[in-house]
2 protein chains.
Amino acid sequence: MSVAFTRMRTGFDSSAMADASWPGCARSLKGVILDLCGVLYDSGEGGGSAISGSVEALKKLKASDLQLRFCTNESQAAREAFVAKLQRLGFDITVPEVFSPAPAAVAALKERGLRPHLLVYDGLLPEFDGVDKADPNCVVIGDAAEKFSYQNLNEAFRVLTGLEKPVLFSLGQGRYYKEMDGLNLDVGVYMKALEYACDVKAEVFGKPSPLFFQSALSDMGLQPQEVLMIGDDLVNDVGGAQRCGIKGVQVRTGKYRPSDERHPTVTADGTADDLAQAVDMILGQRR
Amino acid sequence: MSVAFTRMRTGFDSSAMADASWPGCARSLKGVILDLCGVLYDSGEGGGSAISGSVEALKKLKASDLQLRFCTNESQAAREAFVAKLQRLGFDITVPEVFSPAPAAVAALKERGLRPHLLVYDGLLPEFDGVDKADPNCVVIGDAAEKFSYQNLNEAFRVLTGLEKPVLFSLGQGRYYKEMDGLNLDVGVYMKALEYACDVKAEVFGKPSPLFFQSALSDMGLQPQEVLMIGDDLVNDVGGAQRCGIKGVQVRTGKYRPSDERHPTVTADGTADDLAQAVDMILGQRR
């Protein structure tokens with residue numbers, strides 16, 4: 001009894017508890033996965049703007065001993081273009097560090113001999129340059145924004161209903177994201193629309209697909225429990241990571257809404273006001 | 001044993017069986033509910049065109065002792081306008097015989113003090129003339145067709161997310177309908193999109209809502225088992241009617257597709273090539 005008491009008094013047990021929860025878990029981390037939009041920057045006219053403190057926070061993370069990857073559901077621009085945009089905003093980031101849905105979908109198309117009808121933003125088209133698109137036998141949708149006209153969605157619908165076995169790939173399944181003028185509908189909304197119209201189930205590339213998180217883990221050579229995901233999307237970032245055994249922290253920027261903290265099925269392992277605070281909490285535990 | 005045998009030989013039992021199933025059930029009918037688009041006419045440029053034989057078939061039904069009502073999910077035009085269009089196509093039809101979703105929704109809006117943001121086709125706007133639309137506290141969507149732009153859907157989404165308790169009314173929940181140039185997405189697809197975006201459940205006016213069929217039954221003063229529904233939409237016309245105890249016959253026109261005859265959950269009580277054949281089968285049983 002006195003031994004146990006001593007242990008508690010010396011903080012041995014409470015330290016073990018802290019290690020399992022945020023931010024104590026940061027002590028044993030070997031890697032961090034960051035979402036991009038809503039964590040590093042807010043998208044919008046003219047390329048968007050960096051979220052206050054995030055350029056400096058990324059610098060601090062890069063200077064630490066933690067490995068770092070970026071998992072984004074960005075599907076409006078090819079990787080080269082949006083990485084260049086982030087560099088212009090001041091972020092230290094390179095293409096090989098970034099995992100995005102389009103390259104994962106392209107690999108699946110090639111492996112399965114699928115020829116896509118594309119309903120994507122023009123900026124994403126370069127990702128599909130080497131893909132045969134004649135006589136389509138599947139449909140790929142991304143965050144097409146204003147290209148999600150009635151006519152374009154109807155065209156995708158007609159391609160799907162014309163196939164004996166409709167195949168629909170969706171680059172993410174997000175509900176909405178935040179631009180500087182407010183919330184905007186994301187690709188998942190149109191995925192649900194086509195799923196209902198054609199009575200099919202889409203195959204989702206990007207978050208929260210477990211395969212997507214696993215490809216980032218594998219690239220770092222780390223186990224799930226050694227890695228922390230930081231995102232603004234409770235379901236796709238935090239919930240998706242948690243389903244792979246990765247801890248998930250939500251930042252109160254981007255598409256964060258207060259009701260997320262009372263979500264019926266997903267509870268973040270921790271929350272922080274923004275990336276700057278999250279990084280300070282992580283690095284503070286590791287000193 | 002010999003009595004039973006005699007009954008079978010005289011057809012007593014087989015006649016009882018025939019009365020319960022199509023087309024034998026037509027002998028005891030007192031009323032018929034018809035869908036409009038895909039049964040009487042195919043929509044399309046210039047108001048569409050009558051389906052072969054359907055003008056004459058409607059005349060025969062009207063000349064019979066059967067009561068007749070029309071239940072349509074038409075939500076592109078106000079009743080006066082589309083009834084006038086049907087009259088120009090040669091159909092004997094009047095406004096009071098027609099049940100459509102917008103008037104049912106307007107009644108619910110007024111009863112509950114709801115002020116709608118409308119995402120509907122311009123032609124439907126007259127149905128909402130007497131409704132307060134300032135400072136909206138709900139969203140109503142109809143078959144808005146090309147008005148379902150990204151911008152308009154996003155605007156409806158922003159109204160819903162700005163409400164403490166989002167209320168979404170959908171004028172029908174059809175997946176698609178047939179125009180002369182092919183299948184087109186219907187309002188249900190956009191209802192599913194907004195349901196997913198806002199995590200709400202829409203209230204559906206029109207078929208297959210039981211309240212909608214019941215209002216037509218009540219107007220005729222008939223019981224469900226005295227009435228037959230004829231439609232081209234297996235789920236909304238046939239399945240919706242069946243859930244109210246009304247028998248449902250599917251015609252192989254409009255949005256009918258051969259796969260409907262192998263549908264996992266809805267089986268029509270009967271099928272006919274078109275309205276003309278269905279009416280001949282009904283009246284043939286009643287001679």
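Before you start, residues are numbered from 1 along each chain as its sequence is written, while chains are lettered from A and ligands numbered from 1 in the order in which they are written. Because the model is predicted, local features need pLDDT of at least 70 and side-chain atom pairs count only at pLDDT 80 or more, whereas totals for chains, interfaces and linings use all residues.

**Stop 1: both chains together**

Color chains A and B separately. Here 24 residues of chain A are in contact with 24 residues of chain B (contact means that the C-beta atoms of two residues, placed from the backbone, lie within 7 Å). Now select helix 6 (150-161), strand 10 (182-185) and helix 7 (187-198) of chain A: these are the elements that give two or more residues to the side touching chain B. Helices (H or I, at least four residues) and strands (E, at least two) are DSSP runs, numbered from the N terminus. By class, that side of chain A has 13 nonpolar, 7 polar and 4 charged residues. In this count, Ala, Val, Leu, Ile, Met, Phe, Trp, Tyr, Cys and Pro are nonpolar, Asp, Glu, Lys and Arg are charged, and the others, Gly among them, are polar.

The same surface serves both copies, as 100% of the contact residues of chain A recur in chain B.

**Stop 2: the sheet in chain B**

Show chain B as a cartoon and look for an open sheet of 6 strands, in the order 5-4-1-12-13-14, with parallel pairing (two strands pair if DSSP finds at least two bridges between them). Strand 5 (98-99) and strand 14 (270-272) of chain B stand at the edges, each with a single partner strand, so one side of each has no neighbour in the sheet. Zoom in on strand 14 of chain B: 3 bridges join it to strand 13 (residues 247-251), and the two run parallel. To see one pairing, pick B:Val249, whose bridge partner in strand 14 is B:Gly270.

**Stop 3: B:Pro116**

Is B:Pro116 buried or exposed? Select B:Pro116, in strand 6 (residues 116-119) of chain B, and you will find that it is buried, with 22 other C-beta atoms within 10 Å. The cut-offs, for C-beta atoms placed from the backbone, are 20 or more others within 10 Å for buried, 12 or fewer for exposed, and in between for partly exposed. Leaving aside neighbours within four places in sequence, the contacts of B:Pro116 include B:Leu109, B:Val131 and B:Cys138.

**Stop 4: backbone details in the loops**

Go to A:Pro208, in the loop between strand 11 (203-205) and helix 8 (210-220) of chain A. The peptide bond from A:Lys207 to A:Pro208 is cis, with omega near 5°. In chain B, the bond from B:Trp22 to B:Pro23 is cis, with omega near 0°.

Finish with A:Asp199, in the loop between helix 7 and strand 11 of chain A. A:Asp199 has a positive phi of about 55° although it is not a glycine, and is partly exposed, with 13 other C-beta atoms within 10 Å.
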